[in-house]
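Keep the view open as you read, and turn to each place as it comes up.

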Protein chains: 2
Amino acid sequence: MSTQTPAGYTYGSTPPSPVSRDDLAKLEASVLFTAEDEQALRMAGDVLEDQVEDILDVWYGFVASHPHLVAYFATPDGTVLNDYLTRVRGRFGQWIMDTCRRPHDADWLSYAHEIGLRHTKDKKNRTDAVNSVPYVPLRYMVAFIYPITATMRQFLANKGHAEEAVERMYQAWFKSVTLQTALWLQPYAADQW
Amino acid sequence: MSTQTPAGYTYGSTPPSPVSRDDLAKLEASVLFTAEDEQALRMAGDVLEDQVEDILDVWYGFVASHPHLVAYFATPDGTVLNDYLTRVRGRFGQWIMDTCRRPHDADWLSYAHEIGLRHTKDKKNRTDAVNSVPYVPLRYMVAFIYPITATMRQFLANKGHAEEAVERMYQAWFKSVTLQTALWLQPYAADQW
């Protein structure tokens, strides 16, 4: 992947998350995320680093083949915004590497919150100055846990690691995606989050 | 498992879901749920039928070992409500079999909505007439996708099926849990659901 900073990527310069470190620790415990998963994600980072574009091809292919999903990259009357797709793609690739390599500290928590906001009425479209639909529905945020997890296994297996190591990386990925989705949804339902 | 109807189980007699059949079809497509998954879940039903209490032992053991999770089965001042735990457990077991065997029709959609409501300020505690905390936070609803999925694999493998069949059942289970979690969250964020 590119070593350039993706357009609109503001990791390290977003406001503190309303989610506390204690909330995060409880959420990690709820998805059984441990220091071993952190290690497995570091390994996954090395495995995935030169496959990011291939992974994005699979994910974008999936979105592109479903009009009800492409709609979130289109104007309200359905014109697909290719520049928007491209800009988000750069950040999506960066997110893969951040998921593998960033420690779960205050910056990480802050940027997870920013990612969530960028899918809601609060901030969708703002980063890329586009005229797309006003938010990504919560249900698709949750639904994406499946494709974003299941499609990853083949890529984790592509570098000849033993089945046991692939499985460890895959489970850590699944835990992290689930955990991050929970964090992203804070702005959707703050009063019952 | 018991052949009795669990306490508070009202499948088939709840109001229509606000979620349309078209919304459901799009959500199914988003988790790649197909007729093959429906078949795999039918197979899983036969595999899991006599293991339901063992599965619930694992899940309840997980909850019991985390005070921040047991709290949702306790009074606001922290007294665990054992009768409440037992009543919910009966429905949780029934949910496993319903996930495997119920078709995704209007009744199923309606009851998925009812399950969601029973975790929110709208209806938590009402079914069991208990004085517990007012809602289960959205973040734990999402987080549970991981343990409820990952712990299932061993049970699906317990009846000697070929690895490929176990994997098929497991993926179908993962898709269904993700899909149902998305449905359960409708009452948490109706305006951006």
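This is a predicted model: local features need pLDDT of at least 70, side-chain atom pairs count only at pLDDT 80 or more; totals for chains, interfaces and linings use all residues.

1. B:Arg89 counts as buried, because its relative accessibility is 18% and the cut-off for buried is under 20%. Its partner is B:Asp57, and the two side chains meet in a salt bridge with an N to O distance of 2.9 Å. B:Asp57, at 46% relative accessibility, counts as partly exposed. B:Arg89 belongs to helix H5 (residues 82-101) of chain B and B:Asp57 to helix H3 (residues 52-64) of chain B, so this pair ties together parts that lie 32 residues apart in sequence.

2. B:Glu164 and B:Arg168 form a salt bridge, with their closest N and O atoms 2.9 Å apart. Both residues lie in helix H10 (residues 163-184) of chain B, 4 residues apart, which is about one turn of the helix. B:Arg168 is partly exposed, with a relative accessible area of 31%. Elsewhere, salt bridges with shared partners join A:Asp46, A:Glu49 and A:Arg101 into one network.

3. Chain A has a pair to look at in its own helix H10. There, A:Glu164 and A:Arg168 are 4 residues apart, about one turn of the helix. They form a salt bridge whose closest N and O atoms are 2.9 Å apart. A:Glu164 is exposed, at 52% relative accessible area, while A:Arg168 is partly exposed, at 32%. Over all chains, the structure holds 36 salt bridges. As background, side chains of opposite charge can pair when their charged atoms come close.

4. Next, please look at where the chains meet. How many residues of chain A are in contact with chain B? There are 39, and they touch 39 residues of chain B. Between them the two chains bury about 3,600 Å², with 66% of that on carbon and sulfur atoms. In chain A, the residues that lose the most area to chain B are A:Arg139, A:Tyr146 and A:Gln192, together accounting for 23% of what that side buries.

5. The contact between the chains also has a polar part. The count between chain A and chain B is 4 salt bridges. B:Arg139 forms a salt bridge with A:Asp23, where the closest N and O atoms are 3.7 Å apart. There are also 17 residue pairs in polar contact between the two chains. Several helices of chain A each supply at least two residues to the side that touches chain B, among them H1 (21-30), H7 (138-143) and H8 (145-150). H10(A) gives the most to that side, with 7 residues. By type, the residues of chain A's side divide into 24 nonpolar, 9 polar and 6 charged.

6. Which residues touch the most other members of the largest nonpolar core? In this core of 130 residues, they are A:Leu48, A:Ile96, A:Trp173, B:Leu48, B:Ile96 and B:Trp173. Leaving out residues up to four places away in sequence, A:Leu48 touches A:Ile55, A:Ile96, A:Cys100, A:Met152, A:Phe155 and A:Leu156. In soluble globular proteins, nonpolar side chains tend to be buried together.

7. The loops deserve a visit too. A:Pro134 is found in the loop between helix H6 (106-117) and H7 of chain A, and is partly exposed at 47% relative accessible area. Beyond its neighbours within four places in sequence, A:Pro134 is in contact with A:Thr120, A:Lys121, A:Lys124 and A:Asn125. The C-alpha atoms of A:Pro134 and A:Thr120 are separated by 7.1 Å, with the two residues 14 apart along the chain.

8. A:Asn125 has a positive phi of about 80 degrees although it is not a glycine. Most residues other than glycine have a negative phi. Is A:Asn125 buried or exposed? At 11% relative accessibility, A:Asn125 counts as buried.

9. B:Leu32 lies in the loop between helix H1 (21-30) and helix H2 (35-48) of chain B, and is partly exposed, with a relative accessible area of 34%.

Conventions:
Residues are numbered from 1 along each chain as its sequence is written. Chains are lettered from A and ligands numbered from 1 in the order in which they are written. Side-chain values use heavy atoms; hydrogens and water are left out. A nonpolar core is a set of buried Ala, Val, Leu, Ile, Met, Phe, Trp, Tyr and Cys residues joined through side-chain atoms within 4.5 Å. Buried means under 20% relative accessible area, exposed over 50%, partly exposed in between (1.4 Å probe, protein chains only). Contact means heavy atoms within 4.5 Å. Buried area is the accessible area (1.4 Å probe) that two parts lose on being put together, summed over both. A polar contact is a pair of N or O atoms within 3.5 Å; within protein, one must be able to donate a hydrogen and the other to accept it, and residues adjacent in sequence count only if both atoms are side-chain atoms. Ala, Val, Leu, Ile, Met, Phe, Trp, Tyr, Cys and Pro count as nonpolar, Asp, Glu, Lys and Arg as charged, and the others, Gly among them, as polar.
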